[in-house]
Amino acid sequence: MLSPGSRAAVWVLGASALSACASSPSPEPRAPVSASPAAEAPALEPLPELAEVASSPHEVTEATVVAFEERLRGALGTVYFDYNLAIVDQAAKDRLSALADVLRELPEALLEIEGHCDVRGSTEYNLHLGERRARAVLKYLVTQGVPERQLRYISYGEERPVDYGSTDAAHAANRRAELRAP
Amino acid sequence: MPKSSSHIAGSGVALALLLTGASLAHAQEGRRVIVVGSPDFRPYPMAIPALRAASAGEAAAAAEVITRTLRFDFRIAAQFDVVDPKSYLADPRKEGLTAPTIRFADWVNVGAEGLLKGAVRMDDARLVAELRFFDVASGRPLLSKTVAFTPETARRTAHAFADAVVETLTGDRGIFQTQIAVARKSKKGRELWVMDLDGGDLRPVTRNNSLNLLPSWTADGSGLIFTSYVRRNPSLYKVNLDGGNLSLLSGERGLNTGGAMSNDGSKVALTLSRDGNSEIYVMNTDRTGLRRLTNEWAIDSSPSWSPDGRQIAFVSSRFGDPHIFVMNADGSSPKRITHRGNYNTTPDWSPRGDLIAFTARDERNVFDIFTVDVRTQEIRRLTQDQGNNEEPSFSPDGNHIVFTSTREGRSQVWIMAVDGSNQHRITTKGGFMTPAWSPLR
């Protein structure tokens with residue numbers, strides 16, 4: 001059986017997200033790293049045939065879980081946002097749909113969505129903007145059939161930037177929702 | 001003085017001069033009313049010659065601390081100016097502490113209206129300060145104190161005398177013994193700290209290695225209300241200044257932020273996201289009677305009470321960009337009061353009731369402090385071309401604002417007069433955020 005510690009909501013993302021996630025405790029990225037999160041996201045790596053692996057989740061064994069994770073756990077994904085907005089763009093939606101497939105296949109997997117802002121602006125407003133971003137991701141996953149009980153969210157506002165710089169690229173890298181296995 | 005705003009205030013608004021003027025009207029029984037902001041306002045010029053020490057060592061060191069502290073206090077005070085000590089004509093070796101030994105003409109000639117003098121001596125191994133305040137024009141002593149103190153309390157002894165001088169002169173309580181609460185970056189998160197008005201005695205309130213954010217004061221000044229991730233969910237807590245008596249005020253799912261206690265201490269306004277969106281609520285201080293005041297698709301946050309407790313200022317992005325709004329304390333009649341710019345946040349309502357200070361992002365993406373007149377909606381810019389200036393909080397006398405500024409690199413705590421003049425840094429280290437000025441105790 002799956003134990004909570006071994007469960008991971010996993011999502012192989014393109015290089016752009018990996019570059020901004022360098023400081024998060026995620027495994028080494030497999031994909032090449034590009035400079036800017038604003039760069040167009042490369043195509044996803046093909047997903048494994050989940051239907052075969054996990055169509056009956058209660059029969060999943062540790063071995064298949066490990067295999068599943070090894071194949072899929074390239075990185076924990078990140079969704080990026082425009083300034084002062086909490087709108088999930090179409091490219092992110094496409095990738096989230098693939099993630100939603102995984103979460104539906106593995107109904108015991110949990111996903112935590114962390115909302116963040118760039119370091120400009122007020123502490124309190126950014127806490128709420130960060131939560132709005134996390135909830136925007138959550139809402140989209142729910143529309144893709146992911147049960148809300150699999151989803152958690154928390155906002156850190158501007159308190160946990162991945163890039164302490166003050167360039168536009170740094171701000172763009174910080175305006176994000178990180179998807180993690182809790 | 002700051003220049004008038006090109007962006008927020010718009011053109012054609014004559015700003016700064018309105019407030020620099022001084023009015024020093026004579027009230028009954030020699031009391032003076034100094035109204036910062038009245039058309040003829042001019043700060044009251046105070047001469048503060050160095051205190052004399054009867055002996056070297058502790059007395060001399062304490063005299064130095066008291067002199068420095070008195071000068072700091074009257075420099076930052078919007079109602080006062082300190083006459084440049086380098087200009088003083090009086091001979092410090094000849095002049096004593098009593099009126100007959102003072103040549104008041106020497107003080108008139110340097111432009112002083114008030115004169116603070118003092119001496120420190122050792123009395124049976126105790127430090128004793130003699131402190132005097134004279135009206136220069138009449139040569140009359142207005143205040144005289146003899147205080148025993150220790151090296152550790154020298155600064156506070158000076159603050160207490162400065163407060164007594166302000167009260168003697170104006171009838172209003174001085175603010176020099178008030179305190180500033182801040183969040184400050186730490187290795188593992190953010191901790192809350194409290195410091196004296198001059199940045200002295202910086203001491204920790206929280207030490208939990210978590211994120212502790214957005215401190216505000218309880219109405220009686222005995223503790224802080226703040227948001228902490230210490231139990232993971234960002235909940236609202238109350239804590240004593242010494243870090244004791246931590247109690248949960250609001251632990252709703254999601255964000256519990258912006259806790260603000262009404263002046264009478266009966267209610268707490270706060271921002272909650274428990275209903276799936278950030279909205280403003282009010283509850284009784286004992287956690288009963290929670291009710292929702294806003295209901296918008298947008299972010300509503302950062303409540304600040306009017307001094308009479310009848311209205312609440314807040315931030316709302318209901319029209320897209322965040323702006324400052326005012327509503328009645330029951331949530332009725334919300335009204336937008338900032339109409340320029342596209343990022344106005346962190347409202348703080350003046351204890352006088354007339355102004356709301358806020359942070360605005362200008363067209364160059366720089367953050368500065370502004371005030372808006374609640375009645376006329378007139379905007380005044382208080383900072384400009386000096387790094388990012390954010391998170392204003394009014395002093396309890398309404399004459400001053402504490403804020404953070406990056407003008408010298410790291411984010412430090414600064415104090416200015418409500419008209420933007422008289423800007424002084426009060427911290428020496430960096431990493432400070434969201435200062436909150438204590439009430440009078």
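Reader: Which residues touch the most other members of the largest nonpolar core?
Author: Those are B:Ile66, B:Leu70, B:Phe74, B:Trp107 and B:Val120, in a core of 55 residues. A nonpolar core here is a set of buried Ala, Val, Leu, Ile, Met, Phe, Trp, Tyr and Cys residues joined through side-chain atoms within 4.5 Å. Buried means under 20% relative accessible area, exposed over 50%, and partly exposed in between, with a 1.4 Å probe and protein chains only.

Reader: Before we go on, what should I know about the model and the numbering?
Author: It's a predicted model, where local features need pLDDT of at least 70 and side-chain atom pairs count only at pLDDT 80 or more, while totals for chains, interfaces and linings use all residues. Residues are numbered from 1 along each chain as its sequence is written, chains are lettered from A and ligands numbered from 1 in the order in which they are written, and side-chain values use heavy atoms, with hydrogens and water left out.

Reader: OK, back to packing. What is B:Trp107 in contact with, leaving aside neighbours within four places in sequence?
Author: Its contacts (heavy atoms within 4.5 Å) include B:Ala47, B:Pro49, B:Tyr88, B:Leu115 and B:Val136. B:Glu95 is also in contact with B:Trp107.

Reader: And which residues are in the second core?
Author: That separate core has 23 residues, including A:Val79, A:Phe81, A:Leu96 and A:Val137.

Reader: Switching to charges: how many salt bridges over all chains?
Author: The search finds 34. The rule wants a side-chain nitrogen of Lys or Arg within 4 Å of a carboxyl oxygen of Asp or Glu.

Reader: You mentioned B:Glu95. Which residue does it form a salt bridge with?
Author: B:Lys117, with the closest N and O atoms 2.7 Å apart. B:Lys117 sits in strand β6 (residues 114–123) of chain B and B:Glu95 in the loop between β5 (80–82) and α3 (104–108), so the pair ties together parts 22 residues apart in sequence. Helices (H or I, at least four residues) and strands (E, at least two) are DSSP runs numbered from the N terminus.

Reader: Are those two buried or exposed?
Author: Both B:Lys117 and B:Glu95 are buried.

Reader: What about B:Glu408, what does it pair with?
Author: B:Glu408 forms a salt bridge with B:Arg425, closest N and O atoms 2.8 Å apart. B:Glu408 is in the loop between β29 (400–405) and β30 (412–417) of chain B and B:Arg425 in strand β31 (residues 424–425), so this pair links parts 17 residues apart in sequence. B:Glu408 is partly exposed at 48% relative accessibility, and B:Arg425 is partly exposed at 33%.

Reader: Now the interface. How many residues of chain B are in contact with chain A?
Author: 38 residues of chain B, against 23 residues of chain A. The two chains bury about 2500 Å² between them, 51% of it on carbon and sulfur atoms; that's the accessible area (1.4 Å probe) two parts lose on being put together, summed over both.

Reader: Which residues of chain B lose the most area?
Author: B:Arg232, B:Ile299 and B:Tyr343, together 21% of what that side buries.

Reader: How many salt bridges cross over?
Author: The rule finds two between chain B and chain A. B:Arg190 forms a salt bridge with A:Glu159, with 2.7 Å between the closest N and O atoms.
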